[in-house]
Amino acid sequence: MFRAGPRGAAAAAWAWARARGRAGAARGAASTGSGGAELLSPPSPPPSPPSPPPSPPPPLSPPPPLSPLSPSRSPVLRACGVPVAPGRGAAQAWLGSLRHPQHQRLGLAELHPDVFAITPRLDILHAVAMWQKNFKRISYAKVKTRAEVRGGGRKPWRQKGTGRARHGSIRSPLWRGGGIAHGPRGPTSYYYMLPMKVRVLGLKAALTVKLMQDQLHVVDNLEMPTADPRYLQDLARYRHWGSSVLIVDVDEMPENIEKAVAGLKTITLIPVIGLNVHSMLKHQTLVLTVAAVDFLEKKLLWHDTRYSPLYPFSMPYSDIP
């Protein structure tokens, strides 16, 4: 039997390894050309199907009608009775009630800007306040002149020769106990009138100042649960109405509030026809009912157009509210 030597065995092993390497390279090339890369990399996930188009939103159904007692109704409980000029917005104030101390803000009340939101004219307020103070004033101060003082009919001494100053009566204004020269000669009237437009403007300015200072409050009416004066005092203290309150209404006042105010010095009750600048400035807080606001807007706005020459002024007015 033939046996190869060491050199022949090494040569045979080298030839076998070389042939094996060529066969592996050929198989790798074949696998690469036939998609071997896909076997080496992980398979990619399948593409996701396209999402369907969004469905259109359902049509909006109209809201259900609000009932008058619905809590979601408009907070404006009182609208302006007289139309507001375009470009101007109505002023607003809280609308409350006297039935309970916590019924302070039940809603909003719209106020006409030409009455409650004009330019505050302090000069007009001063002029109207001084007119109210003086136009009914009558001064009864009166002093006596030298002719009215008792005595003094005789010349105290002769004209010349005594060395004294010359005098003709001891009741001269130069003498003690004599008459008064240029003193008050009453009764004196200080009556004068302001133009109607100035007086109306004074009312509007006073209402505007009260609203701007948060001292004007609107209530639905003057109904109270009791006639106890302490209830009205506690109500004013709870709502921070200050030291003095002026309450104004149109119709006949309720019996409870009349009895409650009768024994109080800091709370005054007057009809709207008697509302004036002096009373509004004298009291710290002004309380108006809805009826009083309607009356003031109607009356004061009528004066803005009463002087328009629609017909001769000699004819009687037929559009007086």
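Modeller: Two strands pair if DSSP finds at least two bridges between them. The model discussed here is predicted.

Colleague: In what order do the 7 strands of the open sheet stand?

Modeller: The sheet is open and its pairing is mixed. From one strand to the next, the twist averages 35°. The order of the strands is 1-3-2-6-9-7-8.

Colleague: Do strand 6 and strand 9 pair in the parallel or the antiparallel sense?

Modeller: Strand 6 covers residues 216-219 and strand 9 covers residues 285-289, with 4 bridges between them. Within this pair, V219 stands opposite T289. The sense of the pairing is parallel.

Colleague: Which element gives the most residues to the lining of the largest pocket?

Modeller: The largest pocket holds about 460 Å³ of space, and 20 residues line it. Helix 4 (122-134), helix 5 (196-212) and helix 9 (290-302) each give two or more residues to this lining. With 5 residues, the element that gives the most is helix 9.

Colleague: How many charged residues are in the lining of the second largest pocket?

Modeller: This pocket has a volume of about 200 Å³. Among the 15 residues that line it, W94, Q104, D214, L216 and H217 are the closest to its centre. The lining has 7 nonpolar and 5 polar residues, and the number of charged ones is 3.

Definitions and conventions:
Residues numbered from 1 in each chain as written. Predicted model: local features only at pLDDT ≥ 70, side-chain atom pairs only at ≥ 80, totals over all residues. Heavy atoms only, no water. Axes fitted to C-alpha atoms, helices over the stretch in contact; angles between N-to-C directions. 1 Å grid on protein atoms, 1.4 Å probe; cavity = no way out; pocket = protein on both sides within 12 Å on 5 of 7 lines; lining within 4 Å. Points joined across faces, edges and corners; volume = space filled by probe spheres on them. Nonpolar A, V, L, I, M, F, W, Y, C, P; charged D, E, K, R; others polar.
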